[in-house]
2 protein chains.
Amino acid sequence: MTEGGKEIERLIDLMARLPGLGPRSARRAVLQMIKKKELLLTPLARAMVEVAETARLCQTCGNIGSAAECDICRDPNRDGAVICVVEDVADLWALERAGVFKGRYHVLGGILSALDGVGPEDLRIPQLAERVRDSQVSEVILALAATIDGQTTAHYIADQLDGVTVTSLAQGVPIGGELDYLDDGTITAALTARKSF
Amino acid sequence: MTEGGKEIERLIDLMARLPGLGPRSARRAVLQMIKKKELLLTPLARAMVEVAETARLCQTCGNIGSAAECDICRDPNRDGAVICVVEDVADLWALERAGVFKGRYHVLGGILSALDGVGPEDLRIPQLAERVRDSQVSEVILALAATIDGQTTAHYIADQLDGVTVTSLAQGVPIGGELDYLDDGTITAALTARKSF
């Protein structure tokens with residue numbers, strides 16, 4: 001028996017491939033869409049078609065946008081002298097939500113990983129080096145994950161860049177963090193990087 | 001700042017309205033879609049357009065299908081003499097997955113609820129009464145939730161139907177259920193409905 005016909009079953013199958021959705025929640029989501037056809041299904045279909053037609057990678061920074069260069073790279077109010085290097089577009093979005101960074105970005109599209117066979121050529125590291133060489137960049141901020149792979153990547157990138165200040169995000173106690181819930185590594189980092197009060 | 005442009009932001013907004021997805025997981029899902037444009041985004045958009053064009057409620061039972069009558073109502077191998085009454089299409093799908101019921105269905109599209117102002121006219125109860133009157137129905141199985149509202153609805157429907165056997169699902173220990181994790185109500189029901197071994 002097919003669940004409401006093969007079109008619906010195919011939609012459920014596709015939805016179940018999205019991160020965060022399994023077969024069960026995909027079924028619920030599709031049922032909800034069909035019930036709210038005018039409010040959900042039709043607009044969603046339209047929005048997806050539009051995104052499929054317009055979304056593309058920015059040729060400069062690797063961000064997702066709807067033109068050859070993304071909004072951030074085209075924005076004249078953003079400081080082109082500071083480039084923040086992130087692993088993924090999701091990280092760029094997270095930084096933009098914080099709303100504190102006014103420079104430009106460079107999205108690597110992944111992180112170096114010997115285990116997964118990801119080398120420098122698979123990421124956008126050569127493009128970053130070229131970008132730093134060609135334009136008036138004074139600082140590169142490495143906003144990579146505080147994991148082994150993240151820090152390996154950060155060190156590799158720092159080695160590739162000449163004549164530019166390379167910084168990284170501060171490590172320490174997160175805002176709202178309680179000491180007795182923090183891991184040893186974070187406490188060590190926070191203590192080592194202590195500052196005058 | 002928009003996240004990758006207004007089309008993408010609109011898609012994230014719409015996705016976040018689906019059950020089981022919040023703004024955060026909608027963002028992840030959309031990012032994944034854009035990265036796998038050929039594998040996910042384009043097929044999803046196409047599947048949604050197809051479902052939006054074809055999906056409709058079966059005029060007999062209220063199931064979702066792609067014709068005026070759903071696959072189950074048209075299937076000559078299904079027993080038209082037994083109608084299983086369910087709250088929602090999701091319940092019908094759950095019963096179909098079990099694969100044990102070979103009769104037809106009637107989807108109420110909700111449940112009586114004084115609190116939410118849902119009366120018999122808002123559900124498909126009159127249609128059920130009519131269907132029982134007009135065709136050769138011998139048994140109506142009330143497969144409604146074992147909640148106050150579900151049982152209220154079951155009693156109301158049983159009152160509306162004449163000249164037909166009305167049954168309901170058995171209540172008891174679920175398969176794989178351990179007694180010390182069961183609630184008092186279930187244990188009471190299982191004990192009351194005990195059967196010879």
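**Close-up views of a predicted two-chain model**

**Figure 1. Helix α1(B) passes helix α2(B) in a right-handed crossing.** A crossing is called right-handed if the near helix is turned clockwise from the far one by less than a right angle, and left-handed if anticlockwise. The structure is a predicted model, in which local features need pLDDT of at least 70 and side-chain atom pairs count only at pLDDT 80 or more, while totals for chains, interfaces and linings use all residues; side-chain values use heavy atoms, without hydrogens and water. Residues are numbered from 1 along each chain as its sequence is written, and chains are lettered from A, and ligands numbered from 1, in the order in which they are written. Helices are DSSP runs of H or I with at least four residues, numbered from the N terminus. In chain B, α1 (residues 6–15) and α2 (residues 23–35) pack at an angle of about 130°, with their axes 8 Å apart. Axes are lines fitted to C-alpha atoms over the stretch in contact, and angles run from 0 to 180 degrees between N-to-C directions. The angle makes α1(B) oblique to α2(B); angles under 35 degrees count as roughly parallel, over 145 as roughly antiparallel, 65 to 115 as roughly perpendicular and the rest as oblique. Contact (heavy atoms within 4.5 Å) involves Ile8(B), Leu11(B), Ile12(B) and Met15(B) of α1(B), and residues of α2(B) including Pro23(B), Arg27(B) and Met33(B). By class, this contact has ten nonpolar, no polar and one charged residues. Ala, Val, Leu, Ile, Met, Phe, Trp, Tyr, Cys and Pro count as nonpolar, Asp, Glu, Lys and Arg as charged, and the others, Gly among them, as polar.

**Figure 2. Helices α2(A) and α3(A) are roughly perpendicular to each other.** Helix α2 (residues 23–35) and helix α3 (residues 37–54) of chain A pack at about 110°, with their axes 6 Å apart. Gln32(A), Met33(A), Ile34(A) and Lys35(A) of α2(A) meet Lys37(A), Leu40(A), Leu41(A) and Leu44(A) of α3(A). Five nonpolar, one polar and two charged residues form this contact.

**Figure 3. Chain A can be laid on chain B with an RMSD of 0.1 Å.** The superposition, by least squares on the C-alpha atoms of residues with pLDDT of at least 70 in both copies, takes a turn of 179° and a shift of 0.1 Å along the axis. The two copies are thus related as by a two-fold rotation axis. In chain A, the C-alpha nearest this axis belongs to Ala45(A), 2.5 Å from it.

**Figure 4. His155(B) is found in helix α7 (residues 148–160) of chain B.** His155(B) is exposed, with a relative accessible area of 58% (buried is under 20%, exposed over 50%, partly exposed in between; 1.4 Å probe, protein chains only).

Terms used
Helix = DSSP H or I, 4+ residues; strand = E, 2+ residues; numbered from the N terminus.
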